[in-house]
Amino acid sequence: MAQQIESLLHEADHWPLDALICAMGTTIGTAGSKEAFRHVDYELPLAFAGRAVRQGAKALALVSSPGASLTLPLYYNRTKGELERDIQGLGYTSLTIVRPGMIGGDRKEFRLAERLVLPVAAALRPLLPKGLWINPAERIADILVDAVIAQTQGLHRIASRDVVEYRD
């Protein structure tokens, strides 16, 4: 999969762009190693974002993680935090970073933890704080598209609790 994405990276130099949406990501387990995970979750998104801004893109909407942090010792969270930091330095006039929690929707891959947690979270929804509600994939997509269409200047962070309230 990463190789298919990399082939698009070279084509991106010839695309006239106004905006970019990046929802690329994997898990360390699926990637097979920390290095492969970093390639998919950091190197490729940063490369696409850099090329897009050089091609004229002014807006970027990025799916990240609620735990993205430069200070947490967890590799996944630190990688996401580094991507957020480095993308902010590329010069986008409008940058929206969406940090969804549990994402609801169909997946091609089997994730045991999600299979166990999602039904419980759905059943307990009335008792849980909104930040722990399931974020429908369609709603995340709506936020990303709306952000690059509006191109509102500045940095905008959308937390999981904001995703569940979007257009309610």
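**Strand pairing and core**

Me: Which residue is the bridge partner of Val63 in E3?
Reply: The bridge partner of Val63 in E3 is Val98; strands here are DSSP runs of type E with at least two residues, helices are runs of H or I with at least four residues, and both are numbered from the N terminus. Please keep in mind that this is a predicted model, in which local features need pLDDT of at least 70, side-chain atom pairs count only at pLDDT 80 or more, and totals for chains, interfaces and linings use all residues. Residues are numbered from 1 along each chain as its sequence is written, and side-chain values use heavy atoms, with hydrogens and water left out.

Me: How many bridges join E2 to E3?
Reply: Five bridges join E2 to E3, and the two strands run parallel; strands count as paired if DSSP finds at least two bridges between them. Ala59 stands opposite Ser94 in E3.

Me: And what about E1 and E2, how many bridges there?
Reply: E1 and E2 pair in the parallel sense over four bridges, and Leu20 has Leu60 as its bridge partner in E2.

Me: What is the strand order in the open sheet?
Reply: The open sheet has four strands in the order E1-E2-E3-E6, with parallel pairing. E1 and strand E6 (154-159) stand at the edges, each with a single partner strand, so one side of each is left without a neighbour in the sheet. From one strand to the next, the twist averages 10 degrees, where axes are lines fitted to C-alpha atoms, for helices over the stretch in contact, and angles run from 0 to 180 degrees between N-to-C directions.

Me: How many residues of E3 are buried?
Reply: Six of its six residues are buried, so E3 is mostly covered; buried means under 20% relative accessible area, exposed over 50%, and partly exposed in between, with a 1.4 Å probe and protein chains only. Ser94, Thr96 and Val98 lie on one side of E3, with Leu95, Ile97 and Arg99 on the other, and both faces are covered.

Me: Which residues are on the covered face of E1?
Reply: Leu20 and Cys22 are on the covered face of E1, whereas Ala19 and Ile21 are on the uncovered one.

Me: Moving to the core, which residues touch the most other members?
Reply: In the largest nonpolar core, which has 23 residues, Leu20, Met24, Phe48, Leu60, Ile87 and Tyr92 touch the most other members. Such a core is a set of buried Ala, Val, Leu, Ile, Met, Phe, Trp, Tyr and Cys residues joined through side-chain atoms within 4.5 Å. Elements that each supply at least two residues of this core include helix H1 (2-11), helix H3 (34-54) and helix H4 (75-88), and the largest share, eight residues, comes from H3.

Me: Is Arg51 buried or exposed?
Reply: Arg51, which is found in helix H3, has a relative accessible area of 18% and is therefore buried. Not counting residues up to four places away in sequence, Arg51 touches Leu9, His10 and Asp13.

Me: Where is Ser65, and what does Ser65 touch?
Reply: Ser65 is found in the loop between E2 and H4 and counts as buried at 7% relative accessibility. Not counting residues up to four places away in sequence, Ser65 touches Tyr76, Lys80, Glu84, Val98 and Arg99.

Me: What is the phi of Gln151?
Reply: Gln151 has a positive phi of about 50 degrees although it is not a glycine. Most residues other than glycine have a negative phi. Gln151 is found in the loop between helix H6 (137-150) and E6.

Me: Last topic: where is confidence lowest?
Reply: Confidence is lowest in helix H5 (residues 112-123), at a mean of 59, and highest in E2, at 98; pLDDT is the predictor's confidence in each residue, from 0 to 100. Where pLDDT is low, the predicted coordinates should not be read in detail. For the protein chain, the mean pLDDT is 85, and 79% of its residues reach 70 or more.

Notes:
Contact = heavy atoms within 4.5 Å.
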